[in-house]
Amino acid sequence: MRFMMLVKASEESEAGVLPSAELVAEMGAYNEQLAKAGVLLALDGLHPSSKGVRIKFDGEKRTVTDGPFTETKELLAGFWVIQVKSKEEAIEWASRAPFDGGTELEVRQVFEASDFPADILPPEQAAREDAIRAGLEANAAKQ
Amino acid sequence: MTASDTHRTIEAVWRIESARLIAGLVRIVRDIGLAEELAQDALVAALEQWPESGVPRNPGAWLMATAKHRAIDLIRRQQRLERKIEELGHELETEQPAPELDAVLEEDDIDDDLLRLVFTACHPVLSTDARVALTLRLLGGLTTKEIARAYLVPEATVAQRIVRAKKTLAEAHVPFEVPRGEELADRLSSVLEVIYLVFNEGYSATAGDDWMRPALCEEALRLGRVLAGLAPEEPEVHGLVGLMEIQASRSRARTGPTGEPVLLLDQDRGRWDYVLIGRGLAALERAERITRAHGSAPGPYTLQAAIAACHARARTPEETNWAGIAALYEQLAGVTPSPVVELNRAVALAMAYGPATGLALADRLADEPALKAYHLLPGVRGDLLAKLGRFEEAREEFERAASLTRNGRERTLLLRRAEACARGEAS
C-alpha cells in the first residue's frame, strides 16, 4: 500500500521562512531512516503558495489564478510518498517525523489499480489481441 | 487508544523494528533461533505492557532494551552454570568464548548487523525454499501464516522449513558475518537470487489473486532497497533494484479489467508508474556508474535492468530502441548464456533489422534441447515467417506452438493466427 504524508503549511512556510539548520538536520536523519527501511518512494518540499497558481476547469474554459492563497490550513508545504503494509505502519512512520509546535501531518492512501472497479477503468486494451507478440518478446510478457 | 488500536500499532512497530532487533540480538547470542525467540519475548512484553502504559516514545529502543536484558540474563545464567560445572571438576569445552557482553552492547552498528543477517539467511547451505522463508521471516517480519498464504503451501510446511533452516545454520556453524573477497560475489548472488525469486513469485500472480502475493513484490522491492542501502558499492544490487522498480512500474498496465494479461507492447504507457520508472532508471544509472568505476563488465541484473529501461524510456512502442535491446541481449548471453536469452535476442533483432535477421538466429535455436517443449520458439518463428510472407511454414509453426502451450487463451490466439496464415494473411 502506498501512502502520501502531507505536511500542512504554516504561517512561516507560507512566508518563505526556511527551517532552522537543526530541523533540516533532523529531517535529513528522518528521511534516511525511511530510505534505509526501504519504504521511501518520493519526497519534496513545496515553495510558498505565493509562487503557485490554481487552474479552474469549467467546460472548455481554464482560469488561472496566481497565488498566494488564503486559508493556510488548506495549503501544503511538502510531502512524502511511502510504501508500507498497513495504515498503522504509515501512522507509525508519520509519528516519527521530527515536527513540533502544532505542525500537522495528513496521511492519505494513494489509489492503486485494484482500487478501481472495472466499469470505471475501461477495457481499452482488451480488444487488442495480437497477443502472439507474447511469443515475440518472450521476456516482455513478464515485464 | 483502545487495546486493539494498541495491538495494531504494536504490529506496525514490529514490522518496522523486528529485522533490526533480531540482527542486533544475533550478534549478542550468536544463534538465529535464540535471537528470534528473544525478540518475540520482547514483543510479548510489549503486548502485555503497552496497552496499560501506552506506546513508548521510542518503541524500537524499548524493544531492544527489553530483549537485551533477557539475553544478558540468559548468558549470565549459562556462565554461572558453566562455572558450576567446572567446580564439579568436569572439563568444559566451549567452542566459542562467551562474548564480551559490555563490548558487544557498546557497539551499535545496526547496518552491519542487518547485512550479516541477510547473508546468513541466504546462506547456500540452505535450500532455496528455506532461504526464501527465512529471509521473509527474519528480514521482512512476515508471519509464518503470511508466507504460507503467499506461497500457497500449508502453514506447517513453512514453519517446519524455518525451524529446519535455523537448525541447519546452527549445525553447520555458519558464522554471522559478511563474507569477504571472492566469497562475497558468490554469496551476494545468492542474496540477490532470493530477493528476485520473491519478487517474481508476486509478479507472476495476477491482480485478482490473494492480496498476499502481489504484496510479495512490494516486500522484495523493499528488501532490495534495504540491501542497496547496506551494500551501496555493489553494482548488481542496484541493477536488481532497478530491474524490479521498472518491472513493478508496469503492474497497473499489465492486466486488463478481467485480469487478462496485457503484453508490454500493447500496454497503455500512461498507466505506467513514473515514480517507479524514475527510481529504476536512477538505480540503473548507479549500477552502471559503479561498474564503470570498477572497470568491470555489467552483471546480469544490470543488463536486464538496462533492457527494461529501453522499454521504459520509449514513449510509444515504435520509439523502442530495438538495436540497443538486441545488443544488450548479446551482452547478457555472454554473461549468462541461455537459449531463452537468444530467442529474445532474435526478437529484438527482427524488430531492429527486419524479420529475416531475427529468423536466421531463431532457426539456429531449432535443435536446442532446452527449447523442445517451449511454445515461444515456434510462436516466434511463426510470427517471423508470416511477416516474410511464408504463410504455409508459419501456419505449421503456429499450430505447433498451440499444441505446446498450456495456456488456453494463448492457444486460441495461436490457432487464430494459424487460420489467418492458411488464408494467406499475416494476422
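Arg54(A) stands opposite Thr65(A) in β4(A), where strands are DSSP runs (E, at least two residues) numbered from the N terminus. This is a predicted model, in which local features need pLDDT of at least 70, side-chain atom pairs count only at pLDDT 80 or more, and totals for chains, interfaces and linings use all residues. Residues are numbered from 1 along each chain as its sequence is written, chains are lettered from A and ligands numbered from 1 in the order in which they are written, and side-chain values use heavy atoms, with hydrogens and water left out.

**The hairpin of chain A**

- Strand β3 (residues 53–58) of chain A pairs with β4(A) in the antiparallel sense over 6 bridges; two strands count as paired if DSSP finds at least two bridges between them.
- The hairpin of β3(A) and β4(A) has 2 residues between the strands, and Gly59(A) in the turn shows a positive phi of about 60°.
- How many of the 6 residues of strand β4 (residues 61–66) of chain A are buried? The count is 0, and the strand is hardly covered (buried means under 20% relative accessible area, exposed over 50%, partly exposed in between, with a 1.4 Å probe and protein chains only).

**The open sheet of chain A**

- Chain A has an open sheet of 4 strands in the order β2-β5-β1-β6, with antiparallel pairing.
- β2 (40–45) and β6 (105–109) of chain A are at the edges with a single partner strand each, so one side of each has no neighbour in the sheet.
- From one strand to the next, the twist averages 15° (axes are lines fitted to C-alpha atoms, for helices over the stretch in contact, and angles run from 0 to 180 degrees between N-to-C directions).
- β2(A) and strand β5 (residues 76–83) of chain A share 5 bridges in the antiparallel sense, and Asp44(A) has Phe79(A) in β5(A) as its bridge partner.

**Helices on the sheet**

- Helix α2 (residues 21–36) of chain A lies across β1 (2–8), β2 and β5 of chain A, at about 25° to β5(A); helices are DSSP runs of H or I with at least four residues.
- Helix α3 (residues 87–95) of chain A also packs on the sheet, touching β1, β5 and β6 of chain A, and its direction makes about 35° with that of β1(A) (contact means heavy atoms within 4.5 Å).

**Chain B as a whole**

- Chain B has 19 helices and 0 strands, and its C-alpha trace spans about 90 × 50 × 40 Å along its principal axes.
- Of its 427 residues, 51% count as buried.
- Among contacts in chain B with a separation of 6 or more, 63% join residues 24 or more positions apart.
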